[in-house]
Amino acid sequence: LLIQALGEVVYHHNFVADEIFFSGDCDRLLGAGTAARIRDHAGWLSAVHPDDRDRVAQVFQKARARRDLFAAEYRIRRSGGDYVWVSDRGVLTFDVTGTAVAMDGVMLDVTQRRVSDERFRVIFESSTEPHLLVDETGIIDCNRATVEMLGYADRSELIRQPLSKICPEADPGDSTPFEHALD
């Protein structure tokens, strides 16, 4: 009930029998009949969006080989044919020989966040006003208008640089360096 209240899908993938069992709010997230459609590894992988499939398969294989957590965001086809973005995290279980025998995981619908991120990205990139994204380590992103205003050839010249490179007055501990720089 708690899993359903959270709106998450929990699954158990038995690698030995190649069976996937779902619980939680599966019908809401993936559509009615998901258990019949996605009941084994091949069914799951075929439901992953074609543009995401190779990347997700590689992440899955690396997790198995490294005995690591499986974590990926990807689009998965719902029973109606449309796609939903999920954040999928799974923990592997190994037998005494070190062979992966199962994975238990959680899928969370992240579609709204992904749509919001994409809208932000379009606005950020298409703005004619210069914009920087910074954190405590420095510049994490900028738009084309910033690159042009500062006279750089490419954003890669600015990314991962300390903010003081373009704003010497910036105090690394100050969360509002531009307010002071503009005074």
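Predicted model: local features only at pLDDT ≥ 70, side-chain atom pairs only at ≥ 80, totals over all residues.

Residues are numbered from 1 along each chain as its sequence is written, and side-chain values use heavy atoms, with hydrogens and water left out.

**Overall composition**

- The protein has eight helices and seven strands, taken as DSSP runs numbered from the N terminus (helices: H or I, at least four residues; strands: E, at least two).
- Of the 183 residues, 33% are buried (under 20% relative accessible area; exposed is over 50% and partly exposed lies in between, with a 1.4 Å probe and protein chains only).
- The accessible surface is about 11000 Å², and carbon and sulfur atoms account for 53% of that surface (Shrake-Rupley method, 1.4 Å probe; for residues, only the protein chains shown count as cover).
- Among contacts (heavy atoms within 4.5 Å) between residues at least 6 apart in sequence, 37% join residues at least 24 apart.

- An open sheet is formed by five strands in the order 2-1-5-4-3, with antiparallel pairing; two strands pair if DSSP finds at least two bridges between them.
- Strand 2 (19-24) and strand 3 (70-77) are the edge strands, each pairing on one side only.
- On average, neighbouring strands of this sheet are turned by 25° against each other, direction ignored.
- Strand 4 and strand 5 (residues 100-109) run antiparallel and are joined by nine bridges.
- Gly 90 stands opposite Gly 105 in strand 5.

**Helices across the sheet**

- Helix 5 lies across strand 3, strand 4 and strand 5, at about 155° to strand 3 (axes are lines fitted to C-alpha atoms, for helices over the stretch in contact; angles run from 0 to 180 degrees between N-to-C directions).
- Helix 6 (residues 111-126) lies across strand 3, strand 4 and strand 5, running at about 125° to strand 4.

**Phe 60**

- Phe 60 is located in helix 5 (residues 50-66) and is buried, because its relative accessible area is 3%.
- Leaving aside neighbours within four places in sequence, Phe 60 contacts Phe 15, His 41, Trp 44, Phe 70 and Met 103.
- The C-alpha atoms of Phe 60 and Phe 70 are separated by 6.1 Å, with the two residues 10 apart along the chain.

**Arg 89**

- Arg 89 belongs to strand 4 (residues 83-94) and counts as partly exposed, at 47% relative accessibility.
- Beyond neighbours within four places in sequence, the contacts of Arg 89 include Tyr 11, Phe 70 and Gly 105.
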